[in-house]
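User: Hi! Could you walk me through the contacts in this one?
Analyst: Happy to, just send it over.

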Amino acid sequence: MKKYAVIVLTFVLQVISLQNSWAQKADISNQIYAQLGAAYKTPAFSMKGYWVWCSTVIKGDDNKYHMYASRWPDSLLFHPGWMVASEVVHAVADKPEGPYTFSDVALPARGAQYWDGRSTHNPRVLRYKNKYVLYYMGSTHPFEEPNVKEFSLTSKWCIVGRSNKRVGVAISDSPYGPWKRFDEPVLETEPNTFYSFLTSNPSPIIEADGSVLMIFKARNYEGNDHYSPMCFGLACAKSIYDKFKVLNNNQPVLGGPDQPEIEDPFFWKDQKGYHVIFKDHVAKYTGEKGAGVLANSKDAIHWTIDPSPKAYSRTLRWDDGTTETMGQLERPFIFFQNRQPAYLFFATMDGLGGFENGTHTWNMVVPFKK
């Protein structure tokens, strides 16, 4: 009997070892997940009295590192406070990983009469020649400031604010501004398309000829009070000053009808082609809700999910040796040095999961292995 128990135990240990080996092999085959180091436990950027989200970073001519992030008062619910009260702020650091110190409000509220007059969110900063280029989501509504007691996803502020989400651009000669904003979005909605309800979450790249290729998040109307799950489209603009035209015959390039719901794309290009990481919103690709997915393409229209799809996990290994599963881990952004991924930024939240269970948010960094 004892000999039998030893044999069973040995078999079980071998199975566990083999499973761990398979998991490690799956991780190693993903070019993002395999290269991630221990996350910095010190926040890259946070602000007392505000929810902080959506970081994007660029190095300036002053040899400083400039972060653009979203913030809104924590007196409002985190979700959907960002829809109606967010503003894009600018913070500065001496190192890419931070910590970043608040500098100024880059894209403040500017009045309900503007398409982006009430909320600016989802910043993504790029550099083209001598210009700093800031793509973002903007929205507006015609009402008074939100009443905290009446504020919810079904309140008038959010119903209108959500439906008015559009992609815009601001341009500056300096990372400190001033930023030239425009009176119209650069990516509108269009009736009877997958982006008839809203356009959001811009993730652009600037091609060698100065044109801009952008993956964006969209929803379409499915009736007077319903809209579709989130999916991604691809659009192109002739320059940083031009409006976008949606490609792929006005069809999504990832997600869409009968496909898993996805969001938070980060899009880039290298010598191998185009790549995107995005949030596995409903755990269909990775088996983990909120984990990251890697997809690859030769033309940015036809995409293949990586054979080992998980690009990151909500469970982090901190630089003090501890591990933690974050309540939320969103808005991935890769900062490149010498054309190689160097740091992966996230917006994160404490708690057990669900926006309603968090008490604190910050922008954080995971370095890539050297």
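User: Which residue does the side chain of arginine 181 meet in a salt bridge?
Analyst: Its partner is aspartate 116, at 3.1 Å from N to O. A salt bridge here is a side-chain nitrogen of Lys or Arg within 4 Å of a carboxyl oxygen of Asp or Glu. Arginine 181 sits in strand E8 and aspartate 116 in the loop between strand E4 (101–107) and E5, 65 residues apart. Helices (H or I, at least four residues) and strands (E, at least two) are DSSP runs, numbered from the N terminus.

User: What should I know about the model and the numbering?
Analyst: The model is predicted, so local features need pLDDT of at least 70 and side-chain atom pairs count only at pLDDT 80 or more, while totals for chains, interfaces and linings use all residues. Residues are numbered from 1 along each chain as its sequence is written, and side-chain values use heavy atoms, with hydrogens and water left out.

User: Thanks! Are arginine 181 and aspartate 116 buried or exposed?
Analyst: Both arginine 181 and aspartate 116 are buried. Buried means under 20% relative accessible area, exposed over 50%, and partly exposed in between (1.4 Å probe, protein chains only).

User: How many salt bridges does a search of the whole structure find?
Analyst: The search finds 20. One of them joins lysine 41 to aspartate 320, with the closest N and O atoms 3.1 Å apart. Lysine 41 is in the loop between helix H1 (2–28) and strand E1 (50–59), and aspartate 320 is in the loop between strand E17 (315–317) and strand E18 (323–325), so this pair ties together parts 279 residues apart in sequence. Lysine 41 is partly exposed at 37% relative accessibility, and aspartate 320 is partly exposed at 44%.

User: Which residues are linked in a network of salt bridges?
Analyst: That network links Lys217, Glu263, Asp264, Lys279, Glu330 and Arg331.

User: Switching to sheets: what is the order of the open sheet of four strands?
Analyst: The order is E5-E6-E7-E8, with antiparallel pairing. Strands E5 (119–128) and E8 (180–181) are the edges, each pairing on one side only. Two strands pair if DSSP finds at least two bridges between them.

User: How many bridges do E5 and E6 pair over?
Analyst: Eight, in the antiparallel sense, with E6 covering residues 131–139. Histidine 121 stands opposite methionine 137 in E6.

User: OK, aromatics next. How many aromatic pairs are found in the whole structure?
Analyst: There are 23. Rings of Phe, Tyr and Trp (its six-membered ring) pair if their centres lie within 6.5 Å; planes under 30 degrees apart count as stacked, over 60 as edge-to-face and the rest as tilted. Tyrosine 65 and phenylalanine 335 form an edge-to-face pair, 5.9 Å centre to centre with 75 degrees between the planes. Tyrosine 65 belongs to strand E2 (residues 65–73) and phenylalanine 335 to strand E19 (residues 328–337), 270 residues apart. Tyrosine 65 and phenylalanine 335 are both buried.

User: Which residues form one aromatic cluster?
Analyst: Trp51, Trp53, Trp72, Phe78 and Phe355.

User: Last one: which ring does the charged end of arginine 71 sit over?
Analyst: The ring of tyrosine 50, 4.1 Å from its centre. The criterion is NZ of Lys or CZ of Arg within 6 Å of the ring centre and within 35 degrees of the ring normal. Lysine 156 also lies over the face of tryptophan 157, at 5.2 Å from the ring centre.
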